[in-house]
Amino acid sequence: MAINFIGTGRAVPPKRVSNDDLAAQLDTSDEWIRSHTGIGNRHIADENITCSDLAAEAARNAMAMAAGYTGEDLTERNKAAAEIAPTIDMIVLATVTPDYFGTPSAACIVQEKIGAKNAAAMDIIAGCTGFVYGLETAAGLLSVNPQRKRALVIGAELLSKMINWDDRATCVLFGDGAGAALIEKTDGSGGLKHTLMSADGSGHESLLFRRGGTRYPFKKGEVIDTGICVEMNGQEVYNFAVKAVTDTIGALMKTKIDGYAEIKMDDITRIVPHQANLRIVQAAAKRLKIPFEKIYMNIEEYANTSSATIPIALDELNRSGEIKKGDLIFTVGFGGGLTYGGNIIIW
Ligand code: UT7
């Protein structure tokens, strides 16, 4: 049995905000943001867009690809996606910025939007490692039940609505976007070969949305003049992240998978890391002596889209033909929780 990738998709809002645009209204600069993070731009959704809107768009693109359509015509794309929708058994949506707090899941709203009427639907919260966790969750649930064949795994975030736009230490870092992969259980080979999923809950306060949950609920009479916003101890998370990326890639390379006595650096076509900070990835690459051209970065264009960074990157690589059937791919995620992990995929 194999868990193969039969379609990928992404959805990024058209509105592009550069570092200079932010510097026009905030005490920051293009030079600071680029030199500290590698970020040049981010895409920001319009006010009326929700997480499930972006997720559904990415999902439709993945479904259309699975049906054989990769063109730009939206009517044709929707027709192709609609063919696939009823065949989907499960939607696993990784997000920290769902449409609603707690319930309903954003995945249920996506299920309705894309017409996947036979699909179970749930969100998972694993911070920026969400897509890595989501792939393993969906693959595991496909494996244990012969009735289940196809799952949509999505990472989607609207961080622009959950940022304090007056806090230069966080607001310059994040962007909006969604990426999706349609996976299928087959008798073939390749696909998702192995996943490493880890967490260190002792760091749960290093990156969080503090208010609104049962720890710090809103109270009657309390005057709230900001939205629920991401808070981060940047340096703590940075140190954790460099170790997490280094350890994860190291552990993935030691994994035994079919067809490889051991995985050597030359065997890996691409490493697709979570895009939080170029310096984190550079530091890990230096420690592991990884040629940097093996690592795919698009942080310059999208900034940190949390659980969406890895599936957006996979879709870019897939659509551009930069990854091909049979290529060995590592993903590496890290983020709130604190969580970290990675996937080994034979494309
Ligand atoms: O995706 C989830 C996981 N998240 C991460 O992995 C993020 C991990 N952390 C990081 O990437 C980095 O810690 C940051 C990019 C968040 C911050 O970079 P840093 O090099 O650790 O900067 P810092 O927080 O130590 O701040 C250095 C200085 C401070 O000024 P002083 O105190 O030295 O005078 C900040 O006030 O930079 C200042 N600063 C800024 N200056 C201009 C902070 N943000 C900005 C800004 N523009 N946007």
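Predicted model: local features only at pLDDT ≥ 70, side-chain atom pairs only at ≥ 80, totals over all residues.
Me: Is S306 buried or exposed?

Reply: Look at the relative accessibility: under 20% counts as buried. S306 has 2%, so this serine counts as buried.

Me: Which value of phi does K289 have?

Reply: K289 has a positive phi of about 55°, and K289 is not a glycine either. You will find K289 in the loop between α9 and α10 (299-302).

Me: And is K289 buried or exposed?

Reply: Here the cut-off to remember is over 50% for exposed. K289 has a relative accessible area of 71%, so K289 is exposed.

Me: Now for helices. How do I read the packing of α8 and α9?

Reply: Look at two things, the angle and the gap between the axes. Helix α8 (residues 234-253) packs against helix α9 (residues 278-288) at an angle of about 45°, and their axes are 9 Å apart. Angles under 35 degrees count as roughly parallel, and those from 65 to 115 as roughly perpendicular. The pair α8 and α9 is therefore oblique. As for handedness, α8 passes α9 in a right-handed crossing.

Me: Which residues make that contact between α8 and α9?

Reply: From α8 come Y238, A241, V242, V245, T246, I249 and G250, while α9 brings R279, I280, A283, A284, R287 and L288. Sorted by class, the residues of this contact are nine nonpolar, two polar and two charged.

Me: How many residues does α8 have, and how far does α8 reach?

Reply: Helix α8 has 20 residues and reaches 28 Å from its first C-alpha to its last, close to the 28 Å expected at 1.5 Å a residue.

Me: Which residues of α8 are buried?

Reply: The buried residues of α8 include V237, F240, A244, T248, L252 and M253.

Me: Can we try another pair? At what angle do α3 and α5 cross?

Reply: The axes of helix α3 (residues 51-66) and α5 cross at roughly 50° and come within 9 Å. On the α3 side, the contact is made by C51, S52, D53, A55, A56, A59, R60 and M63, and on the α5 side by A106, I109, V110, K113 and I114. By class, this contact has nine nonpolar, one polar and three charged residues.

Me: What about peptide bonds: which kind joins T103 and P104?

Reply: To read this, check omega. The bond joining T103 and P104 is cis, with omega about 0°. P104 is in the loop between β4 (90-94) and α5 (106-114). The peptide bond from G337 to L338 is also cis, with omega near -10°, and L338 is in the loop between β12 (328-335) and β13 (339-346).

Terms used
Residues numbered from 1 in each chain as written. Heavy atoms only, no water. Axes fitted to C-alpha atoms, helices over the stretch in contact; angles between N-to-C directions. Helix = DSSP H or I, 4+ residues; strand = E, 2+ residues; numbered from the N terminus. Parallel < 35°, antiparallel > 145°, perpendicular 65-115°, else oblique. Left-handed = near helix turned anticlockwise from the far one by under 90°. Contact = heavy atoms within 4.5 Å. Nonpolar A, V, L, I, M, F, W, Y, C, P; charged D, E, K, R; others polar. Buried < 20%, exposed > 50% of the residue type's maximum accessible area, 1.4 Å probe, protein only. Expected span 1.5 Å × (residues − 1).
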